[in-house]
Every structure is written in structure tokens, then in C-alpha cells.
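Please look over the sequence and the model before reading on.

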Amino acid sequence: MKKTSLKFAAVLLFSPLTFLSANAYEDKQECTETGHSRFIFSWPITSDCDKKPRGGTSKGADVAFATQLRKPWLALQQAGLSKQERDRRAILAMQGGYKVNFDFLETVGFSEGYQSDRPYQSWGTEYVYVVEDKPNLISLQHIMVMFFKQEDGSVSEPMVMKHWRQDWRFEDTALLEYSHNNTWKKRLLSKSVVEGTWSQAVFQVDDSPRYESFGKWQHNGSFSTWISQTTRRPLPRREYSVRDDYHALEGFNRHTVTRHGWVQEEENWKLVLDKAGKPVSQEPYLAKEEGLARYQALKDFDFSGGDKYFANTEPVWKLVRTTWSELIANYPNIKLKKTHDGKPMFMPLFSLAVEFAENKMTADDAQKRVDVILANYLIKN
């Protein structure tokens, strides 16, 4: 496979998640009447073919899965580790290169006459990089690197995109939780409540906050797993452009690390809110959704495009993260505009990162640009 260039990647960075592939799974049931694929766990559970999954339409290149045990998994199994260190190694075991399958399905509807949405299904290839590794803090950055099959059978140049980030903190007493209407509020916890726990803060592609919760890791010889407390989240990208019948997700995550990768399971309730951000008094929940993201370790996959992007843009993204940390520390709440001059925040930040990588500015100039960009989207209250 050919190596990518940052200049080419910049074009693709303007369309987060649009290049995720939705190739038919080999194990999907076929609808004999229409020939359309049907999600095997459709709601309601019938042979109805109306629930053909939605998602990306491009076709990714073939991949090969790793068969040897991963080094981070072996490090996690080492005898004699303290509980905190074994927790740390479980988090660090999420690093590496993966094929990621995303599946989301509404399983229960609560309102009278409710019609479920089509399932969502896509996949991509990405590398999870360790940004920080400290005793009480681990930060992991996801970067997607995709190759596509073209009509003539050839494989495209790689497309590279900065994806989401997850920060893990040990015994964290200050959480930033999503409220409503693009607003996040701080929540303080007592030391006794968070004893032995790790918080997971999830950030969007522009490093703005998404959601945060906390929970405890559990370990055995087969897997290590962490389950969060219930928390609110804003509508995901796969939903907010096509749905306006609910306003937030309320749910929890389970992360399970295995010998060949890891799995993120979600259980979400689609929540209808009033203007004050409170659940409506009648029928506050629209539906329940199950989500599954499977990270399967790859072998012989060319992630060099991601390596190059990460190395060359990390200095400017560190400025972005630091600036966000200062804003979160200085404001009681964070409220953001969805767009400025018709553009979502990731667009000017992604452009800035590529300009920096191409040596078109100093770190001081980059910091000034970061300050201006974030100020354009922050609503002070």
C-alpha cells in the first residue's frame, strides 16, 4: 500500500466519518424478496426487510487480522501487579491498529405508534496512539487511516483523519458532564465515591468535550472490563444530521479488553428534553438503543499515514488540548455554538493542524490562531 501525504489528507479531514465503509457483513441475513441486507437483530424482530442498515457506501480494502497475542495484552496478564497498575495496563492495551465495526440498533420504542429508525452500520481502520502515560492519567488519540477499493479494482491512496480522544483519570473528583443544547456542566464528587475508580472523558474530533463518566475496572484471565455510570451525551454525528425528535442520549459504556483487541458496548436511551434541559413530563424517552464497536487488531496494515499525521500535527493539537483545559478550569459551564461563519469547529482547527505540519507557522502563531478559533465558538455565561 502507498503512503499518504498530509496535503491530500487535509481534504478528507473536512468530512469526519463520511468515509467509513458499510460493506455487507458476511453473516448478515439476506431478504429473499428484495435482495436487500437486513440487520440480523432488527426491531421489531421479524423477517421484515424494511430495516436495511444505513451508513457509509464506500468499500474499504481487504484487511488481515492479527493472530499472535498482542504485547499490551501480555503485559496486562503479568503476575504481581497492583490493582491500579493492572487498570493502567488495561487502558494502555487499547492502543494499536484495528479494524473497527460500528453497529447501532434501536431495540425498544416507548411512545405509542413509535416507528423505529433503521440500524446504523459502518466500519473503518484506525490506530489508537498514546498521547500521555502518567500514573493517574492516560490519554489515547484515535486516528483513522482508510484505503478504498476503486471501480477498477485498485486500492486508493490512504485517507487520514483525526478521530475521537479518550482521557482516563484515576480517582477523578471533577467531571464535565453534558447537560443539553451544546452545554456541559461541572460535577464534583467526593473522594470516597471515586475511590478505586477511573473516569473516562470522551472528546470530539476538534477536542471539544463530548461526555464523561467513571467506573471500576475488573480483571480476569479472559478479559478486563470497565463499566461507566449513566451519563448524558449529545447526539452522535450519525444522528444529529438526520434526527430532530430527541435531544440527548442517556446511557452507559462498557469497555472490554481481550487478547485480540477490545469492544465498546453502549446502552443508550433517547431522551426528549424541554427548553430548560429537563426531561419532558410525559414520555421523556423515545427509544432504547444498543451499540457495539468492535476493535479487532490487524497485521501487515500500513498505518504510516497516521504515524506521519500524528507526529507532524501533535504539537498543535497539544496547544488545542491545553487551551481547552484552561477554558474548562476557568468557566463554571461550557456552552458552544454549533457553527461560526457557517462552519463547524473542526474545519478551522483541521486546517490549522495541516498548515502547522507544512511548516507554515510558528508555535506562537498557532497558539494565537487556536485562541481565536475557540473564542469564536465559546458562548460565555
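Over the ring of which residue does the charged end of Lys162 sit? The charged end of Lys162 sits over the ring of Trp317, 4.3 Å from its centre, where a charge counts as over a ring if NZ of Lys or CZ of Arg is within 6 Å of the ring centre and within 35 degrees of the ring normal. This is a predicted model, in which local features need pLDDT of at least 70 and side-chain atom pairs count only at pLDDT 80 or more, while totals for chains, interfaces and linings use all residues. Residues are numbered from 1 along each chain as its sequence is written, and side-chain values use heavy atoms, with hydrogens and water left out.

**Aromatic pairs**
- Rings of Phe, Tyr and Trp (its six-membered ring) pair if their centres lie within 6.5 Å, with planes under 30 degrees apart taken as stacked, over 60 as edge-to-face and the rest as tilted.
- By this rule the count comes to 15 aromatic pairs.
- One of them joins Tyr98 and Trp262 edge-to-face, at 6.4 Å centre to centre with 90° between the planes, and it links strand 4 (residues 96-109) to strand 16 (residues 261-271).
- Tyr98 and Trp262 are both buried, that is, under 20% relative accessible area with a 1.4 Å probe and protein chains only.
- Trp317 also pairs edge-to-face with Phe350, at 5.7 Å and 85°, and both of these residues are buried.

**Cluster and a further charge contact**
- Tyr127, Tyr129, Phe147, Phe301, Phe303 and Phe310 form one aromatic cluster.
- Arg165 lies over the face of Phe203, 3.9 Å from the ring centre.

Terms used
Helix = DSSP H or I, 4+ residues; strand = E, 2+ residues; numbered from the N terminus. Buried < 20%, exposed > 50% of the residue type's maximum accessible area, 1.4 Å probe, protein only.
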